[in-house]
Amino acid sequence: MAGQPFLDLPRARQARGQLALPGSKSISNRVLLLAALAAGRTDISGLLDSDDTRVMLDALRQLGVEVTDRGSGNVTVSGAGRFPVKQADLFLGNAGTAFRPLTAALALMGGQYRLSGVPRMHERPIGDLVDALRQWGAEINYAGQEGYPPLEIGAGTIRAGAPASVQGAVSSQFLTALLLAAPVLAQESDQPVVIEVIGELISKPYIEITLNLMARYGVQVRRDGWQRFTIEAGAAYLSPGSIAVEGDASSASYFLALGAIGGGPLRVTGVGANSIQGDVAFAQTLAEMGAHIEYGPDWIESRGIRVDRGERLKAFDTDFNLIPDAAMTAAALALFADGPCRLRNIGSWRVKETDRIHAMHTELTKLGAVVTSGPDWLQVTPPAEDGWRDAHIGTWDDHRMAMCFSLAAFGPAAVRILDPGCVSKTFPDYFDVYAGLVSGDGAN
């Protein structure tokens, strides 16, 4: 599908079946970096194969980390502790889960590095992370606009000393980056390494993923609420030997949503009641909208209404601060609700792969929805039955825009997805999997 300019989606009426989810992007890139920083060899299974993980793998190889690809999502990483290569020019695409943590780790390595990405990456703020790292003595300069990539990292004079303070309201990836890198500083320090969060921390479930995985690699973080995190002096990563990557809970949202509007049953495997990912909470959002949800230890199943028969989901007014990625799926589902739907506390959408509030506002309007939005909210009034309009949906080089708007095919309008290949960021074969679960005219 790469390079394909558009994809016309057939009218969808029913969705049912089962799929094994691809590995979690958030977990995959965290585990790769942890394995590279740990003593010992880590056998990783279930690793996501996507643009973002390839970027991380390529970067680690450039930095001298031994990585062996054993095929089918199985990779072995031989931990280097401190990266052997002390000078490198890294291109990291639009992968925030690679760019932010590598910035923090490399700033503590005592080398000379340049980090850059695609034009959109250079529009995504990183100043709060840089400011925090400078409090530890890191030497980081902006090669372009102040507060944004590309970055030039020098050796610096690194010290634990005072706490590093970071803003919590822009992106949880800044705190994750500091946490993942902190043991690089702690293992050679006689003082604990302390990170303090200024203001309200968004996307807390993603920090819980980070802390959970750090513990798997032998580093326990002491947390005082969501404001102060302490890593003890001498803490160092040790490989657990092997680790399995969960299925991607954000990607699960699209398929659980299909079951909610296409009757179902539709089951996803790879995440379930025992998942460490916060986005599994989206299933509860679907239940509140009227879907029937069942859980197993490593699966979730949804059954729901049939919008092709005129049935409607329940409208919602929900704070999505904890699950901002899955919230995009809720915005698309608002097309099939029985009244106006409001998404609150989604300000982090503004600094994602695109300005997602603006992009979602624009594309939902094309389909006939009445949309209003503000700095951190979006309200969607679904189209009347005769108010739907055929639309060419722009994806804004954002994988989640492409995937969540596949749900619009359950409406009466003709839907064309532009640049469908952008899903390669996290789910390269999404539309093939989607087509295998959805049926159109003639469905019972």
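**Questions on a predicted protein chain**

The protein chain has 12 helices and 24 strands; helices (H or I, at least four residues) and strands (E, at least two) are DSSP runs, numbered from the N terminus. This is a predicted model, in which local features need pLDDT of at least 70, side-chain atom pairs count only at pLDDT 80 or more, and totals for chains, interfaces and linings use all residues. Residues are numbered from 1 along each chain as its sequence is written, and side-chain values use heavy atoms, with hydrogens and water left out.

Me: What percentage of the 444 residues count as buried?

Reply: Buried means under 20% relative accessible area, exposed over 50%, and partly exposed in between (1.4 Å probe, protein chains only). By that cut-off, the buried share of the 444 residues is 59%.

Me: What percentage of the contacts with a separation of 6 or more comes from residues 24 or more positions apart?

Reply: A contact means heavy atoms within 4.5 Å. Among contacts in the protein chain with a separation of 6 or more, residues 24 or more positions apart account for 74%.

Me: How many Å apart are the mean positions of the positive and negative charges?

Reply: Lys and Arg count as positive and Asp and Glu as negative, while His and the chain ends are not counted. The place of a charge is taken as NZ of Lys, CZ of Arg, CG of Asp or CD of Glu. The chain has 38 positive and 48 negative charges, and their mean positions are apart by 1 Å.

Me: Is N29 buried or exposed?

Reply: N29 sits in helix α1 (residues 25-37). Not counting residues up to four places away in sequence, N29 touches D52, T53, M56, T97 and A98. Its relative accessible area is 1%, so N29 is buried.

Me: Which residues does T97 touch, not counting residues up to four places away in sequence?

Reply: T97 belongs to helix α3 (residues 96-107). T97 counts as buried because its relative accessibility is 10%. With residues up to four places away in sequence left out, T97 touches K25, N29, D52, M56 and Q173.

Me: At what relative accessibility does T365 count as partly exposed?

Reply: T365 is in helix α10 (residues 356-366). Not counting residues up to four places away in sequence, T365 touches V371 and R389. T365 counts as partly exposed because its relative accessibility is 29%.

Me: Which elements do the buried residues of α4 pack against?

Reply: In helix α4 (residues 127-134), the buried residues are G127, L129, V130, A132 and L133. They pack against α3, β8 (140-142), β9 (151-153), β10 (164-167) and α5 (172-186).

Me: Which residues of β23 form its covered face?

Reply: In a regular strand the side chains alternate between the two faces of the sheet. Strand β23 (residues 415-418) has R416 and L418 on its uncovered face. Its covered face is formed by V415 and I417.

Me: Which residue is the bridge partner of F6 in β23?

Reply: Two strands pair if DSSP finds at least two bridges between them. Strand β1 (residues 6-9) pairs with β23 in the antiparallel sense over 4 bridges, whereas strand β22 (residues 391-393) runs parallel to β23, joined by 3 bridges. For F6, the partner in β23 is L418.

Me: Which residue of β17 stands opposite E294?

Reply: Strand β17 (residues 299-303) is mostly covered, with 4 of its 5 residues buried. Strand β15 (residues 263-269) pairs with β17 in the antiparallel sense over 4 bridges. Strand β16 (residues 292-296) also pairs with β17 in the antiparallel sense, over 5 bridges, and a hairpin joins β16 to β17 through 2 residues. Opposite E294 stands E301.

Me: Which residue takes a positive phi in the hairpin of β4 and β5?

Reply: Strand β4 (residues 66-71) and strand β5 (residues 74-78) pair in the antiparallel sense over 5 bridges. E66 stands opposite S78. The hairpin has 2 residues between the strands, and the residue with a positive phi near 55 degrees is S72.
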